[in-house]
Every structure is written in structure tokens, then in C-alpha cells.
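Here is my note on the model, point by point. Please read it with the structure open.

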Amino acid sequence: MSVKGKYLNPKADLTFKLIFGEHADLMKSFLNALLPLEDGREIESVVYANPELIPENPGKKNSIVDVRCTDNQGREFIVEMQLHWNDSFKQRVMLNASKAVVKQAGTGEDYSLIQPVYSLNLVNQGLNLGDDVAPDEYYHHYAVVNVEHTDRVLEGFHFVFIDLEKFTPKTVGEKKMAVLWLRFLTEIDEHTQEVPRELLDNPEMCQALQILEKAGYNDAQLQAYSDFWMSLVDERVLREGSYKKGIEEGMAKGMAKGMVEGMAKGRSEGRAEGRAEGIADTARNLKAMGLSLADISKATGLTTDEIADL
């Protein structure tokens with residue numbers, strides 16, 4: 001797979017980590033633009049942390065996130081770029097945020113020193129957080145709140161999911177940088193011929209665009225970039241193939257079950273019909289012998305009206 005165009009796609013694993021995992025100034029701008037931070041509590045600087053979240057229990061599985069960092073206030077930030085939504089992603093996000101809190105608390109330390117963890121998750125396709133989500137709702141902020149008084153927030157966790165499929169520039173009116181960063185992620189790729197003027201006029205966007213220029217990558221990096229996209233294609237084919245196979249197997253099982261149930265029902269109905277006919281024959285014979293309708297009813301269980309109609 002050859003890489004065409006002047007720029008690479010910023011959503012790829014290689015480019016996303018290169019932009020936001022190696023340039024603290026861009027990471028700070030990105031987080032300040034997209035996270036629900038209170039006025040006066042914006043991030044002033046960030047320090048990168050190990051993206052590998054190792055569990056306290058050695059028998060548990062390690063987690064590797066795209067970018068992890070802390071700011072000058074001690075708050076921790078986890079950033080993930082997810083190209084295709086899957087059912088386990090939400091659980092993985094919560095697990096990683098929990099691990100980040102646990103890593104702050106050493107044995108015997110003061111738990112009051114634990115700082116909030118912010119989990120920022122950008123989903124390129126298929127984000128699914130429930131049927132009640134509005135068609136144009138692209139920004140989802142979750143926190144630990146009082147059920148009856150949702151304005152009462154228990155500080156500790158903040159989860160943000162951004163649906164890049166639903167984002168359009170007109171959906172954001174308050175934060176210019178949020179619009180610019182999301183436009184950068186959704187409008188720049190290998191097919192970009194001309195960069196929008198709004199991006200070129202911003203120094204941070206220009207810096208990020210320079211990092212994306214294909215000319216700055218060596219052959220090994222470009223091969224890794226191509227392999228990343230090919231692996232996604234293979235994963236999608238496998239997923240769709242499994243889905244199709246599941247449907248076919250489900251249909252086959254359904255048909256087989258229907259045939260078995262139909263045969264069983266036929267046998268059951270046949271037995272019931274034969275039993276009813278046998279009772280009717282007995283009633284006819286008893287009636288021919290001159291027994292009263294009441295006596296025949298007691299013997300067969302049929303009503304006197306049913307016996308009279310025989």
C-alpha cells in the first residue's frame with residue numbers, strides 16, 4: 001500500500017502519538033480545548049507519563065493507552081484515539097482510568113492526595129452510548145454525580161467521548177480551539193489538497209500540519225503507517241465475516257429448530273387428534289347401546305351437547 005498525498009492521516013496510531021505524545025505544547029492545547037475544565041483551572045503545562053498501565057496484581061493484564069500525562073496541578077489525563085467502536089471499549093476506558101487512580105495511591109499514603117483523572121476518548125466511527133443519544137450529539141461528558149442532584153459532582157473521574165462522525169464546525173459555538181482541533185482530525189488526511197485557511201492561520205495547527213507532512217517520515221515509518229491501515233481493513237473483513245457467519249449459523253439453527261418443533265408439534269397434534277377421535281368413537285358406541293347422555297359424559301368427559309351432536 002503506497003501512501004499518497006502531501007499529508008498523512010492524524011488519526012493513525014503512528015501520527016496521533018507523534019503529534020500529541022511528543023509535543024507537550026500541542027497536548028496542552030488539545031486538552032484545554034476539549035476537556036470540561038473550569039475557568040481558571042486550565043492546564044498550564046504537561047509532563048508525559050508511561051502509557052503502559054501496569055496493574056498492582058501481576059496476574060492481571062497490562063493496558064497501553066495512546067497518550068498519558070499529568071499537569072502542574074497533579075491531575076492525570078488519558079487520551080485514546082479509537083477508529084472503530086466496539087462493545088468492550090467503554091469498559092476498557094473505565095478500567096484504565098481506575099488503574100490511573102490506583103497508581104497514585106501507594107501503600108499507607110494519604111488518599112486525600114489523589115488527583116482527578118480525565119479520560120478523553122475520540123471515536124472515529126460507530127460510537128454507541130445508548131439509544132437515547134440525539135442524532136447531532138457528538139460530545140459526551142460523564143462524571144460521578146448524585147443521582148437526585150446531578151449538579152453535585154464527586155470529584156475523581158471525568159470521562160469524555162467525542163463522536164468524530166457527528167462533529168461539524170457549526171456544532172461548537174463557544175471554543176474556537178475545540179473547533180480547530182476537531183477540524184484538524186476530521187478534515188486532514190492523505191487526500192487533502194488544500195488546507196483550510198482557518199487552520200493555516202493558527203500557529204498550533206501549522207505545527208501539527210508540519211508533523212503530518214509525508215516528506216518528514218522515513219521508509220520504515222511509512223511502512224508502519226501503511227501496515228496500520230491494512231490491519232484495520234483485515235480486522236473489518238474478519239469482523240464482517242464473523243457477523244455474516246453468525247447470521248448464517250443463526251438462520252440455519254433457527255430453521256432446524258423450526259423443523260424439529262414443527263415435527264414435534266405435528267406429532268403432538270396428531271396424538272391429540274387421535275385421542276379425541278377415539279373418545280368420540282367410544283361415545284358413539286355407548287350411545288348406540290342406549291346409555292344416557294349423562295352416563296356417557298361421565299365415562300368420556302365430553303359434554304352432553306357434544307355427545308348429542310355425534
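1. Strand 5 (residues 76–82) and strand 6 (residues 117–123) pair in the parallel sense, over 7 bridges. Two strands count as paired if DSSP finds at least two bridges between them. Within this pairing, Glu80 has Asn121 of strand 6 as its bridge partner. Helices (H or I, at least four residues) and strands (E, at least two) are DSSP runs, numbered from the N terminus.

2. On provenance: this is a predicted model, where local features need pLDDT of at least 70, side-chain atom pairs count only at pLDDT 80 or more, and totals for chains, interfaces and linings use all residues. Residues are numbered from 1 along each chain as its sequence is written, and side-chain values use heavy atoms, with hydrogens and water left out.

3. The sheet is open and has 6 strands, in the order 1-4-5-6-8-7, with mixed pairing. Strand 1 (46–48) and strand 7 (139–145) are the edges; each has a single partner strand, so one side of each lacks a neighbour in the sheet. On average, neighbouring strands of this sheet are turned by 20 degrees against each other, direction ignored.

4. Helix 2 (residues 24–34) packs on the sheet and touches strands 1, 4, 5, 6, 7 and 8. Contact here means heavy atoms within 4.5 Å. The direction of helix 2 makes about 120 degrees with that of strand 1. Axes are lines fitted to C-alpha atoms, for helices over the stretch in contact; angles run from 0 to 180 degrees between N-to-C directions.

5. Helix 2 is mostly covered, with 8 of its 11 residues buried. Among them are Leu26, Met27, Phe30 and Asn32. Buried means under 20% relative accessible area (1.4 Å probe, protein chains only). For the protein, buried residues make up 35% of the 310 residues.

6. Helix 3 (residues 89–104) lies across strands 4, 5, 6 and 8. It runs at about 160 degrees to strand 5.

7. What lines the largest pocket? It has 21 lining residues, and Met81, Gln82, Leu83, Arg92 and Phe228 lie nearest its centre. A pocket is an open set of points on a 1 Å grid where a 1.4 Å probe fits, with protein on both sides within 12 Å along at least five of seven lines; lining residues have an atom within 4 Å of a point. Helix 7 gives the most to the lining, with 4 residues.

Methods
Buried means under 20% relative accessible area, exposed over 50%, partly exposed in between (1.4 Å probe, protein chains only).
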